[in-house]
Amino acid sequence: MRIIHYRNPYLRRRSPFDPLNSLRGEMNRLFENNLGQVSQDLFGAWTPALDLVQDDNEFQLIVELPGVKKEDIDLSLLDNILTVSGKRENGTERKEAEPNRNERVFGKFRRTIQLPIAVDTSKVVAQYQDGVLTVTLPKAEEAKPKKIAVNVQ
Amino acid sequence: MSQTSATNNDTASTERPTYLTPRADILGGSDWTEVHLDLPGVATDGVEITVENQLLTLIGRRKVFDVSGEYLHQEIPRHDYRRVFEMSPKIDTNRIQAELREGVLLLRLPIAESVKLRRITVD
């Protein structure tokens, strides 16, 4: 039996370049940012981030809309093309206040996404909570993939 | 055996969580400062605000998405939010107010009475 000095392979060793590494991390984070964010920074218009998920029965569209009033959100569906649009107002403008940092983006937004198959438009449900819009779109019965039993003779 | 468990613990403690920096607007008035932060997906119980010396640390934890299925398109990051602000010593840290509405956190930082401008009249 021997005694070997145990060195945890996962433990990060401190190096004098740590601050540089964290800077590199920040730069990477900047470039890893999603496309919506990048286009927002380039073009000035607000492009809210969205997710589209599907399971066997429905699609779920999730859109980040912080600070948007429920009545300012418009949803429309035409030929499987779902459009979320509206405007975000800056309700905080005050005459006596001096803004010393303005990072948030306001104004009109519009996002369009095409759904791969038809949905049952009468059963679409939208919910807005904590600045996140969730739209549930059940797939149309006739468009759902069906399983066909194969009888092997 | 004991060594493997120690290794696991060590990795857990050295792992650094990744945070997103939420966008912020800061407005300053003569007797208050307001900070507005976009925190979509965070509910009231997910907000953690700590004040230590002149540092105000904000952490916003997202609600867990109860989404099952296949992602056809994904842009929303899953990271929690964190941002640290250095406050002016003029801020009365005991009277800071926070309010979360529609995914936007509003912090009201009042300026202490003791540092406000007072005019003294000469009798």
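# Close-up views of a predicted two-chain model

**View 1. The aromatic pair of the structure, in chain A.** A search of the whole structure, which is a predicted model, finds one aromatic pair over all chains. The pair consists of Trp46(A) and Phe109(A), whose rings are edge-to-face, with 5.1 Å centre to centre and 75° between the planes. Trp46(A) lies in the loop between helix 2 (35-43) and strand 1 of chain A, whereas Phe109(A) belongs to strand 6 of chain A, so the pair ties together parts that are 63 residues apart in sequence. Both Trp46(A) and Phe109(A) are buried.

**View 2. An open sheet of three strands in chain A.** Three strands of chain A form an open sheet in the order 3-4-6, with antiparallel pairing. Strand 3 (73-78) and strand 6 (107-114) of chain A stand at the edges with a single partner strand each, so one side of each is left without a neighbour in the sheet. From one strand to the next, the twist averages 15°. Strand 3 of chain A is joined by six bridges to strand 4 (residues 81-88) of chain A, and these two strands run antiparallel. Within this pairing, Leu75(A) has Val84(A) in strand 4 of chain A as its bridge partner.

**View 3. Asn80(A), a residue with positive phi in chain A.** Asn80(A) is found in the loop between strand 3 and strand 4 of chain A. Its phi is near 65°, a positive value in a residue other than glycine. Most residues other than glycine have a negative phi.

**View 4. The largest nonpolar core and the surroundings of Leu61(A).** The largest nonpolar core has 20 residues, of which Leu61(A), Leu65(A) and Leu133(A) touch the most other members. At least two residues of this core are supplied by each of strand 1 (50-54), strand 2 (58-64), strand 4, strand 6 and strand 8 (132-138) of chain A. When neighbours within four places in sequence are left aside, Leu61(A) is in contact with Leu50(A), Asp51(A), Leu52(A), Leu82(A), Val84(A), Ile113(A), Leu133(A), Thr134(A) and Val135(A). Apart from this core lies another, of 17 residues, among them Ala24(B), Ile26(B), Val35(B) and Leu39(B).

**View 5. Strand 3 of chain B, covered on both faces.** Strand 3 (residues 32-38) of chain B is mostly covered, with seven of its seven residues buried. On one side of this strand of chain B are Trp32(B), Glu34(B), His36(B) and Asp38(B), and on the other are Thr33(B), Val35(B) and Leu37(B), all of them buried.

**View 6. The partners of strand 3 in chain B.** Strand 2 (residues 24-28) of chain B pairs with strand 3 of chain B in the antiparallel sense over five bridges, and the two strands form a hairpin with three residues between them. In this pairing, Asp25(B) stands opposite His36(B) of strand 3 of chain B. Strand 3 of chain B is also joined, by seven bridges, to strand 9 (residues 104-110) of chain B, again with the strands running antiparallel. There, Val35(B) stands opposite Leu107(B) of strand 9 of chain B.

**View 7. Glu102(B), a residue with positive phi in chain B.** Glu102(B) is found in the loop between strand 8 (97-101) and strand 9 of chain B. Although Glu102(B) is not a glycine, it has a positive phi of about 50°. At 30% relative accessibility, Glu102(B) counts as partly exposed.

**View 8. The two chains as the setting for the close-ups.** Chain A contains two helices and eight strands, which follow the pattern α-α-β-β-β-β-β-β-β-β along the sequence. Of its 153 residues, 35% count as buried, and chain A exposes about 11,100 Å², with 52% of this area supplied by carbon and sulfur atoms. Chain B contains one helix and nine strands, arranged along the sequence as α-β-β-β-β-β-β-β-β-β. Of the 123 residues of chain B, 37% count as buried, and its accessible surface comes to about 7,800 Å², of which 48% belongs to carbon and sulfur atoms. Among contacts in chain B between residues at least 6 apart in sequence, 53% join residues at least 24 apart.

How values were computed: Residues numbered from 1 in each chain as written. Chains lettered and ligands numbered in written order. Predicted model: local features only at pLDDT ≥ 70, side-chain atom pairs only at ≥ 80, totals over all residues. Heavy atoms only, no water. Helix = DSSP H or I, 4+ residues; strand = E, 2+ residues; numbered from the N terminus. Buried < 20%, exposed > 50% of the residue type's maximum accessible area, 1.4 Å probe, protein only. Areas by Shrake-Rupley, 256 points an atom, 1.4 Å probe, with all protein chains shown as cover. Pairing = 2+ DSSP bridges. Axes fitted to C-alpha atoms, helices over the stretch in contact; angles between N-to-C directions. Core = buried A, V, L, I, M, F, W, Y, C linked by side-chain atoms within 4.5 Å. Contact = heavy atoms within 4.5 Å. Phe/Tyr/Trp six-rings, centres within 6.5 Å; stacked < 30°, edge-to-face > 60°.
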